[in-house]
Amino acid sequence: MSTIMSESTVQIFFYALMLLLAFGFNSGVAEAGMKCIEKERQALLMFKQGLVDDCGYLSSWGSDEGRKDCCKWSGVQCSNRTGHVIMLNLKYKVDPVCPNRPLRGNINSSLLELQHLNYLDLSVNDFLGNPIPEFIGFFTKLRFLDLSLANFSGRIPYQLGNLTNLQSLNLGYNSLYVSKFGWLSHLNKLTQLDLDFVDLSEASDWLQVITSLASLRDLYLASSTLPSINRPSLSSMNSSTSLALLDLSSCGLSNSAYHWLFKISSNLLALDLNSNQLAGPIPDYAFSNMTALQHLNLSLNQISAISKSFGNMCGLKTLHLFYNNLTGQLPELFLNLSGCSKNSLEILKLGGNKLTGSLPDITEFSSLQELHLFDNKLDGSFPEKFMKPSPLVILNLDGNQLWGSLPDLSVFPFLTRLDVSDSRLNGTVSEGLGRLSKLEFLDLFGNSLEGMITESHVSNLSKLKYMDFSFNSLALNFSFGWFPPFQLEYIGLLNCKLGPHFPKWLQSQKNYYFLDISDTEISDAVPSWFWDLSPNLYYLNLSHNHLEGTVLDLSLNYAGYPGIDLSSNDFEGPVPPVPGNVTSLNLSNNKFSGPISSLCSISGEYFSYLDVSDNLLSGELPDCLLRWQALAVLNLANNNFSGNFLNFVGSACPLESFNVRNNSFVGEIPPSLKKCNELKIIDAGDNKFSGTIPAWIGDTLPKLAILSLRSNQFHGSIPRNLCQLSKIQLLDFSLNSISGAIPKCINNLTEMVEKASSNSTITHIYVYYRSATLDGFVSKYDDVAVIVWKGTDQQYKKTLGLVKSIDLSSNKLHGEIPEEITSLGGLISLNLSRNALTGPIASKIGQLNLLDSLDLSNNQLTGEIPESLSLLNYLGVLDLSNNNLSGKIPSSNKLQGFDASAYAGNLELCGSPLPVKCPEDEPAQSPAITMQHSEDGIVSTGFYVSVALGFIVGFWGFVSSLLLNRSWRRAYWQFLDHTKERLCTNTVPNAAKRQR
């Protein structure tokens with residue numbers, strides 16, 4: 001028996017050895033000598049000729065020596081046994097050396113020679129919107145076909161139904177459509193089908209065909225326009241027994257879809273219905289048949305409540321409901337999930353809804369690892385106590401309205417991410433935070449938390465990488481010599497209290513890419529060790545402290561494209577060299593001095609924001625500024641720069657803000673600014689610019705909101721072209737030598753016509769990048785402008801977008817104030833003082849009913865003050881002095897409330913508050929007559945005496961004139977003769993009439 005066993009064992013061993021040698025021999029021959037078949041090689045070369053290969057992906061394909069074996073070509077694989085090409089994989093992969101340059105062209109029918117092909121992947125290329133070639137349906141051995149994201153269009157060819165061996169078909173992300181799905185029913189071996197973004201609106205048979213595919217496991221129909229399903233047709237529909245994954249996201253599904261979803265498959269493991277039109281409460285029957293469901297995504301719909309049946313999904317692991325319309329109390333929603341699903345649920349995403357109430361005790365969900373409740377309306381607090389330990393890994397409560405303290409969370413020992421930012425917490429932070437030893441991400445940003453953060457809060461957080469305590473009232477109180485156990489990558493401490501000394505614990509941090517310790521009450525010199533910054537840096541903010549000393553060399557090129565903000569400190573000395581790859585630099589409000597030539601190390605490729613305003617800088621601008629072709633914000637204000645301003649070069653100009661106010665620049669406004677059609681602000685005030693106001697400003701800068709050329713040496717008239725500035729809201733040409741009339745087209749400044757403003761600030765967006773792959777973060781710069789308001793220079797920033805003002809004062813303007821100016825109903829300030837304007841004040845000036853300040857003083861205006869001026873209820877400053885106005889000041893509490901100096905210097909003006917009264921306001925001036933009553937109560941004796949004396953004086957005065965003047969005497973007698981004749985002539989006829 002043992003002999004037989006030994007012989008059979010030897011035989012088995014012998015046959016096994018022979019098979020092994022044969023396999024090894026064949027493999028060796030294939031590897032050593034097997035080459036591709038010539039006609040297949042020629043077919044591939046012809047296919048290559050139809051393609052444009054900018055990056056040389058097919059450079060290994062050729063006919064010369066060393067490139068003849070197509071089995072060694074990139075993307076080609078041959079059979080080891082036959083040498084036939086069995087795989088062609090030309091899927092484009094992102095190439096940082098040659099980005100976004102895939103293969104493009106046409107698919108040559110020569111590929112038909114590859115009849116042994118079982119794998120074809122041409123995805124993520126560009127086939128120029130051509131239809132899918134019908135001949136692909138003749139590769140009958142294909143098991144894998146991927147033509148996704150390849151810019152195909154048109155109808156999917158029905159010939160694909162010949163590919164009966166196909167197991168995976170991906171045609172997604174093209175511009176394709178299907179009329180009928182019958183061809184698909186032949187693909188019985190298909191396990192995976194991806195038709196994302198395919199138009200199925202005419203394929204009324206899609207559901208019947210899909211459910212008939214016995215092997216189909218994964219179906220992707222995202223963003224496919226599906227036809228409506230008639231309820232009667234559902235009765236004949238069979239449920240799929242194989243379908244495990246169904247993606248119907250962004251398909252425009254409404255509540256009627258619940259009826260056929262109920263029948264589609266009872267074996268579904270994953271269902272994605274996000275971004276549809278499902279609304280209201282979920283019906284109880286909708287998912288009751290899907291007992292095996294593990295992953296359900298209902299996000300981005302209009303769902304208002306979930307069904308209690310969710311609690312009976314005993315295998316449910318992930319439930320996504322973020323950005324719906326869920327309302328009610330959060331604890332009540334948790335009750336609907338409190339069946340057997342509370343033991344299986346691992347990920348629950350409820351963010352972006354309208355849930356209220358307190359956070360319940362989530363430790364009842366024994367398997368829960370992620371809970372996302374961001375952007376809700378939770379208005380309660382944390383529970384007083386969590387009952388038992390939990391495997392929770394992520395807790396996100398960002399953007400709620402919670403109150404109270406951050407409690408002891410040590411029942412979550414596996415917590416790696418805690419986000420309670422912008423949640424209005426207003427208590428203290430429990431020291432139990434220090435027991436979360438696995439914590440990597442901690443975000444308390446934007447609350448009202450107070451108290452101390454001590455070493456006990458963080459000393460055990462050795463894995464912490466992200467820490468943001470910004471915008472709280474927290475004070476970090478660490479021992480001077482203490483160094484934390486963690487290496488932070490993100491440090492956000494804005495508006496906390498770190499000072500007065502510079503925090504020494506930062507010396508231990510070597511890996512941070514983001515550091516913001518602005519406005520942290522530090523009053524100290526920056527130690528030299530600090531300037532040895534982390535090589536990963538892409539954002540540094542030390543602003544709004546009282547940091548002293550000189551800034552050392554920062555020119556090390558960092559891994560990212562950093563933004564640096566050292567503004568509003570007490571730094572002094574020369575401007576330091578900065579990284580050549582910097583994207584934003586703010587050195588404003590310091591004491592830096594000298595030229596800015598050290599900034600010439602900046603390459604300018606992504607440099608979009610420079611603010612060095614309010615320093616002691618001087619000299620002419622270096623030519624290297626012309627390299628900064630990406631610059632969007634340039635602020636050089638309040639320094640002592642001089643010389644001509646550089647003329648920008650280049651075909652494009654992204655500049656949005658040009659602020660060079662209060663320097664000593666000379667010459668004209670740079671003409672190259674006309675290319676900067678994104679400009680919102682030009683502030684060149686308080687310099688020595690000269691020439692005429694450029695007309696091209698109105699022609700080429702349609703987005704300009706602020707134009708200030710005040711206190712320069714401009715002359716000539718105001719160009720009518722400026723009336724095209726429909727977005728302008730602040731126009732200041734004061735303190736120049738501008739002459740001519742105010743253009744009547746001023747009513748075309750439509751932004752000043754509008755009484756409302758869309759934004760309170762004028763904001764510029766810029767990006768600082770973390771790496772060369774340009775993944776970065778967006779930030780913003782709120783612009784600043786100085787406006788003469790109520791006689792003083794005032795700086796506006798947070799409300800700059802609301803200010804609408806015209807200041808043309810202290811020039812040589814003449815002519816009348818155009819009536820059209822009264823249509824600018826949004827104006828808040830109008831100053832036309834110190835010119836030579838004539839004529840009346842516009843009668844409709846009362847239409848400027850938002851006006852807060854009006855100054856028309858020191859002109860030659862005439863006429864009366866319009867009655868409509870009394871309608872300006874918001875008027876706080878008025879000056880009409882030193883004109884030629886006349887008449888009465890209109891009566892109103894507003895106009896009489898101003899000081900008399902507002903009307904002084906108008907000699908013919910009268911009425912309150914001037915001391916000069918108008919004639920109609922004077923009392924009657926005739927002398928009073930005193931009558932003495934006689935005893936009979938009528939007149940006295942004195943009355944008769946007065947009458948007698950008057951008669952005697954009058955009579956003898958008349959007679960003496962006749963005696964002394966002969967000509968008068970003769971004229972008198974002639975008058976009497978004529979009178980007598982007239983009386984006689986008239987008396988005789990009248991007597992005759994009476995006799996008749």
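**Cysteines, rings and one aspartate**

Let me begin with Cys-78, which is buried, because its relative accessible area is 10%, and here buried means under 20% relative accessible area, exposed means over 50%, and partly exposed is in between, with a 1.4 Å probe and protein chains only. Before I go further, please keep in mind that this is a predicted model, in which local features need pLDDT of at least 70 and side-chain atom pairs count only at pLDDT 80 or more, while totals for chains, interfaces and linings use all residues. Residues are numbered from 1 along each chain as its sequence is written, and side-chain values use heavy atoms, with hydrogens and water left out.

Which cysteine is joined to Cys-78 by a disulfide? The partner is Cys-71, with an S to S distance of 2.1 Å, and the term disulfide stands for a pair of cysteine sulfur atoms within 2.5 Å. The torsion about this S-S bond, between Cys-71 and Cys-78, is about -100°, and therefore the disulfide is left-handed. Searching the whole structure gives eight disulfides, and I will go through two others.

In one of these, Cys-653 and Cys-676 are linked with their sulfur atoms 1.9 Å apart, and because the torsion about their S-S bond is about 85°, this disulfide is right-handed. Cys-653 is in the loop between strand S37 (640–644) and strand S38 (657–659), whereas Cys-676 is in the loop between strand S39 (664–667) and strand S40 (681–683), so the pair ties together parts that are 23 residues apart in sequence. When I say strand or helix, I mean a DSSP run, numbered from the N terminus, with at least two residues (E) for a strand and at least four (H or I) for a helix. Are these two cysteines buried or exposed? Cys-653 has a relative accessible area of 13% and is buried, and Cys-676, at 0%, also counts as buried.

The next disulfide joins Cys-723 and Cys-745, whose sulfur atoms are 2.0 Å apart, and with 70° about the S-S bond this link is right-handed. The pair connects distant parts of the chain, 22 residues apart, since Cys-723 is in the loop between strand S43 (713–716) and S44, and Cys-745 is in the loop between strand S45 (737–740) and helix H10 (750–753). Cys-723 is buried at 10% relative accessible area, and Cys-745 is buried at 9%.

Which residue's side chain makes a polar contact with the side chain of Asp-732? It is Arg-710, at 3.4 Å, where a polar contact is a pair of N or O atoms within 3.5 Å, and within protein one atom must be able to donate a hydrogen and the other to accept it, with residues adjacent in sequence counted only if both atoms are side-chain atoms. If we leave out residues up to four places away in sequence, Asp-732 touches Leu-707, Ser-708, Leu-709, Arg-710 and Asp-807, and contact here means heavy atoms within 4.5 Å.

Now let us turn to the aromatic rings. A pair of aromatic rings is described by the distance of the centres and the angle of the planes. Rings of Phe, Tyr and Trp (its six-membered ring) pair if their centres lie within 6.5 Å, and planes under 30 degrees apart count as stacked, over 60 as edge-to-face and the rest as tilted. The whole structure contains 35 aromatic pairs. In one of them, the ring centres of Phe-127 and Phe-152 are 5.1 Å apart and the planes are at 15°, so the pair is stacked. Phe-127 is in the loop between S5 and S6, while Phe-152 is in the loop between S6 and strand S7 (153–155), and this pair links distant parts of the chain, 25 residues apart. Phe-127 is buried at 3%, and Phe-152 is buried at 1%.

For an edge-to-face pair, look at Trp-529 and Phe-530, which have their ring centres 6.4 Å apart and their planes at 70°. Trp-529 is partly exposed, with a relative accessible area of 23%, whereas Phe-530 is buried, with 3%.
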